[in-house]
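Here is a friendly briefing to read alongside the structure. Keep the viewer open and follow along topic by topic.

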Amino acid sequence: MNVRSQISMVFHLDKCIGCHTCSIACKNIWTDRKGTEYMWWNNVETKPGTGFPTKWEDQEKYRGGWELRDGKLVLKSTSKAKTVTNIFHNPSMPSMDDYYEPWTYKYDELFNAPEGSDQPTARPVSMVTGEYINVESGPNWDDDLGGSRIYAESDPNLKGLSEEQRQQLSAVERLVLFYFPRICNHCLNPSCVASCPSGALYKRGEDGIVLIDQKRCRGWRACVAACPYKKTFYNWSTGKSEKCVLCYPRLETGEAPACFHSCVGRIRYLGVLLYDADRLEEVAKLPDEQLIDGHRSLILDPHDPEVIAAARKNDIHDSVIESAQNSPVYKFVKEWKIALPPHIEFRTLPMLFYVPPMSPVMANRNDDTVSSVSDEFFHDIEQARVPLQFLANLFGAGHQGKLLYALKKQKAVRVYRRSRTVGDIPMKTAEAILREADCTVEEAEGIYKLTSLCTFEERFVIPPMHREEAIEMMKDPQEHKTAVGFGFLDPPKRGL
Amino acid sequence: MFEIGPFLLDTVLFVVFPYVSLVVFLIVSIRRYRSESFTYSSLSSQFLENKHHFWGLVPFHYGIIVVLVGHVVAFLLPREILWWNSHPARLYILEGSAFVAALLCMVGLVSIIIRRITDPKIRIVTSVADWVIFGNFIVQILSGLYVALFHSWGSSWFASLAAPYLWSLVTLTPDITYVTAMPWMVKLHIVSAYTMIAFAPFTRLVHILVVPNPYLWRKPQVVRWYGIRRKSKRSTAESGAFVDASN
């Protein structure tokens, strides 16, 4: 057992209202520089929909992530030999057309336009060329399905759905959608890191954050192609790639990342997970249907004395172990098993988990009357408006079992709480439903509390980063303190 | 030594200039790598335009690699080249393939320049230095093609004339008698090459010096730790992880 700690995340999709506050918080801090305007380290997608960049989940097109070839785990987009032969032109590289051409408006024309009979307008101009452009796509172009069926119908996750189920998703006046916020997953087996010809990408040993060393990056763009989630981006102005840094400067001072901190729906949770780094390769090679269980088995119980001893042996600080014991992520992912990794079939072992959304209550429209489809208080999960197979393609590698379990448990908690607070469902019925969903009363209370009543401190359990101890290994912290704190910031200037 | 006229000019161009350009190349390349590592790459524009990119970049780079390697081999192994060329058939094969590679390079370069001019997004990321490089390359490749066509057989006389001249520079006993009598197109080719060497470290051409060296041998995953840890703690048994304590 080789215990490591990883800062991990849970997004509770039932609570996401699709307001994009997270995206804006991130944009204002990190990606408003030249060359990064088109990047959205955090974005919110409408599902079903094509996402950003368009159809990123379609790996026939983008060739991201890993695949098993003759029992070996290999990158889809590249290999050692291909890195050399394709070094001048990366055939798996997406272009700006797959994202969008960023634009702004000529606001000054509103004020400086000469007097005339027409209303002055602020025309859109490209943030690349500075010339007028016709805006034809954007980072959330299919937001709320964008007024057209083509976006929802082009979703790669519709694979394996029957015609009837597809109809169900997009029938007029019965249209259904949910929001899917995304950041870098800070994977355990990141394909971006594995693909980098210059070794500029790395995972931080202490907290698992995946970063790009800007001084070592040589702009070969392999990471952009290799990341199946398309969460590394190429800065066309500096010639380097950039990605979500999980706001590590904020984390190091005990603050939640900006997108987490600003989340209006309070859908985001962050905490430490302890995992066994010795078994990564073994798990990443499991067949699709075993990947979720395998991934969960990597996550270690922070209360287990053996795990604690092994963690201490690996220099993991007691305060980090304690933080792992209070981690909301551990509860959602490992104890309750209601948070699932996105597209685990890409085999990067993502460390951002999603609580799948419950669909709206099902009703049938017969001429002028609307009647509930199910006699139950909450409708049957398997009859949900969002077909289970669609969610399974997103969060279950195409297999419905884990999704069904997570949704049934969520439903059971609702029935139980309804019984407790309103009382129109007998507690006996509620308890039976809980049992059926593999959930105890204590667990149901825990899920209810962490979902509905969670405080800031319960949602974000940020471990102390102990930079002072790292510094101590190099030199006297007192001496270090007097030697830093004043310096120069240079713009990202290139050569001639 | 004190004669004026072409001889002095030859001395400047074929003795002073190569040393100056080499010294500039070495000092600036090393200094830039050490203090401005961030700038040490080309500025890829594939992201802004993905299709035309292939038809320019690929033929240009493969062409120039073949041509460059050919020059280096002829410089290092002149005797072997002469031996190889002793059969006409082998000479034609060598000259023919070198010429094709140079043509490939030229076609690629033209394609690159057209792309730089016509695509508005690519124009934005093109600097003045890029145009200087393009101009230098045009002179270099066209003069090379001209020499190959009209002063045959270059591969043989390079081995017997240019190689000794270059070696005389390397051994710090410059002897320009080999080059003074050469046709002016050959001289242009040589001087243009020195210009490129001198100018390269200031521009995007530094990307020639960075190769994916550790990648080809390293394990897939890279982990970095703060500070210094005992090696055993970093665990060598982890799944294929390459450990780097540089930061």
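This is a predicted model: local features need pLDDT of at least 70, side-chain atom pairs count only at pLDDT 80 or more; totals for chains, interfaces and linings use all residues.

The contact between the chains draws on 45 residues from chain A and 51 residues from chain B.

**Where the chains meet**

- On the side of chain A that touches chain B, the elements giving two or more residues are helix 3 (80-85), helix 7 (191-195), strand 8 (201-204), helix 11 (280-284) and helix 21 (467-474) of chain A.
- By residue type, that side of chain A splits into 18 nonpolar, 14 polar and 13 charged residues.
- Strand 8 of chain A runs parallel to strand 1 (residues 221-224) of chain B, and two bridges join them.
- Within this pairing, A:Lys203 has B:Val223 of strand 1 of chain B opposite.

- Opposite A:Leu201 stands A:Ile212 in strand 9 of chain A.
- Five residues lie between strand 8 and strand 9 of chain A in this hairpin, and A:Gly208 in the turn has a positive phi of about 75°.
- Strand 8 of chain A is covered on both faces, with A:Leu201 and A:Lys203 buried on one side and A:Tyr202 and A:Arg204 buried on the other.

**Nonpolar cores**

- In soluble globular proteins, nonpolar side chains tend to be buried together.
- The largest nonpolar core holds 140 residues, of which A:Val10, A:Leu201, A:Val329, A:Phe332 and A:Phe353 touch the most other members.
- Helix 17 (residues 401-421) of chain A gives seven residues, the most of any element, to this core.
- Beyond its neighbours within four places in sequence, A:Val10 has contacts that include A:Tyr269, A:Pro328, A:Ala339 and A:Val355.
- Another core lies apart from the largest one and has 14 residues, including B:Leu57, B:Ile112, B:Phe137 and B:Ile141.

**Layout of chain B**

- Chain B is divided into domain 1 (6-210) and domain 2 (214-247), and the C-alpha centres of these two domains of chain B are 39 Å apart.
- B:Ile65 sits in helix 2 (residues 52-76) of chain B.
- B:Ile65 counts as partly exposed because it has 14 C-beta neighbours inside 10 Å.
- From B:Ile65 to B:Ala163 is 98 residues in sequence and 19 Å in space, C-alpha to C-alpha.

Note on methods. Residues are numbered from 1 along each chain as its sequence is written. Chains are lettered from A and ligands numbered from 1 in the order in which they are written. Two residues are in contact if their C-beta atoms, placed from the backbone, lie within 7 Å. Helices (H or I, at least four residues) and strands (E, at least two) are DSSP runs, numbered from the N terminus. Ala, Val, Leu, Ile, Met, Phe, Trp, Tyr, Cys and Pro count as nonpolar, Asp, Glu, Lys and Arg as charged, and the others, Gly among them, as polar. Two strands pair if DSSP finds at least two bridges between them. Domain bounds come from an automatic or database domain assignment. A nonpolar core is a set of buried Ala, Val, Leu, Ile, Met, Phe, Trp, Tyr and Cys residues joined through C-beta atoms within 7 Å. A residue is buried if 20 or more other C-beta atoms lie within 10 Å of its own, exposed if 12 or fewer, and partly exposed in between; C-beta atoms are placed from the backbone.
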